[in-house]
Amino acid sequence: MPRVSLPKKSTDTDMTPFVDIGFLILSFFIMATKFKTPEPVPITTPNSVNADKLPDDNAVLISIDKDNKVYFSVIPKSDATKADAVANDVSTVRELNLDDKDKQNFRNSPMVGMPFNKLKSFLAIPPDKQKEIAQDGIPVLDSATNELVYWVGAAQRVFAGEKLVFMIKGDNDSHYPTFKAVIDALKRNEIFKYNLVTMPEEAPGTSEIAVYRKEIEKLQGKK
Amino acid sequence: MASLDSGDGGGGHKKGPGVKKAKKQNTRVDMTPMVDLAFLLITFFIFTATMNTPTTLDLNMPKDTDNKDQKTKTKESGSLTVLLGKGDQVYYYEGQLEQETASEKFKQTTHKGIRDVIIKKKREVEANYVQDLECEQKKQADNKPISDCRQKDFFVIIKPNDEASYKNVVDILDEMTINRVERYALVKIADTENDMVKVTEAANGIK
């Protein structure tokens, strides 16, 4: 009887395509990744259907965390020493006697949320240690002692003649009065345009905005 | 395991005198460790990636003024007031709130329900539109649909009370974008309105 001899099949699979795809995905993620900047206070922002990107001009970022504490930070586009100038301005206006080292620490610290009477001692700490300290938040709720007014004013003077945007980044759970106080502080400096930082969200397909966006596309495409 | 055969191990007797047989070397490289590492990196980047770059919701506030002429005027028939309270609750009324009809006009809904209210009111205002050529010409010049003129009398007044959360405010502002409400304002709540919100909250047992 003839024996049926089964050929010995190799159990090795060719992994080359698999590896190819693997590296493709890897290179995509390497290029597409923007690292999360470490935040001293986590803030979960609400969602909105707006698709406009945050402007990358000179910016003042006012953050409100979930405990209604207000933080202030300056994000200069090119000249980092502008942040020192803001600290300098605040220091002169409020007579805080910040020295050069404090000002430099202000430039490097991610967010500052201390009332003026505690600011100097806070800025004396090196920036990398600052995040271990729970800050009190800038007092805003009482309009007579709204310290954010001075911060905003200082930023305005330093960036005079340049484009400066005011970003407000609020936490989902923060309360409205704090937000209102922040707006008031900005209003008192004659600033009426703000950018609220939100996370993108899909507009419902049948809603007017979705229809409108298509219509606009058509109208502007014709031109 | 891949191993290099140095040749001088056992079996020396196989070598013929003076003749060396070239050994066929396997050219395959074991790729497993490389693939392992690659996938490790992929997972790392997936987890650290922030795909969603934050967007911005633009907000413009009017200047505070006591000058009557500079104040924004709204038609009563086209105004909708939305009040935000605690517990993600939304209250609304159309036109003006008067003592006698207040309990009838003052209604309660949620963030999901307010969309229908806004759409309904907008349709109502649009139905009462009287042609305004000036507005239509302006829209045409800006390359925007002239149908937008139909809602020119529509005005939404947003009044959050002290217990509303920031998220509620952004949500309602977003609702303005979603429903394409062109004119809206963020206004301080009046005491009478706040009281009504409080009463309704107490009646509905919202904490």
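Residues are numbered from 1 along each chain as its sequence is written, and chains are lettered from A, with ligands numbered from 1, in the order in which they are written. Because the model is predicted, local features need pLDDT of at least 70 and side-chain atom pairs count only at pLDDT 80 or more, while totals for chains, interfaces and linings use all residues.

The contact draws 53 residues from chain A and 39 residues from chain B, two residues being in contact if their C-beta atoms, placed from the backbone, lie within 7 Å. On the chain B side, α1 (32-48), β1 (55-60) and α5 (166-178) each provide at least two of the touching residues; helices (H or I, at least four residues) and strands (E, at least two) are DSSP runs, numbered from the N terminus. This side of chain B is made up of 20 nonpolar, 11 polar and 8 charged residues, where Ala, Val, Leu, Ile, Met, Phe, Trp, Tyr, Cys and Pro count as nonpolar, Asp, Glu, Lys and Arg as charged, and the others, Gly among them, as polar. Strand pairing also crosses between the chains: β5 of chain A (residues 193-200) runs antiparallel to β1(B), joined by 6 bridges. Two strands pair if DSSP finds at least two bridges between them. In this pairing V197(A) lies opposite T56(B).

Within chain A, strands β2 (residues 58-64) and β3 (residues 70-75) form an antiparallel pair over 6 bridges, with L61(A) opposite S73(A). Their hairpin has 5 residues between the strands, and there N68(A) adopts a positive phi near 65°. In β3(A), 5 of the 6 residues are buried, that is, with 20 or more other C-beta atoms within 10 Å of their own, against 12 or fewer for exposed and partly exposed in between, all C-beta atoms being placed from the backbone.

Chain B holds a hairpin of its own. Strand β2 (residues 79-84) is joined to β3(B) by 5 bridges in the antiparallel sense, and L84(B) faces V90(B). Between these strands lie 4 residues, and G87(B) has a positive phi near 65°. Strand β3 of chain B (residues 89-94) is largely enclosed by the rest of the structure, because 5 of its 6 residues are buried. On β4(B) (residues 107-110), antiparallel to β3(B) over 4 bridges, K107(B) is the bridge partner of Y92(B).

V117(B) counts as partly exposed because it has 18 C-beta neighbours inside 10 Å.
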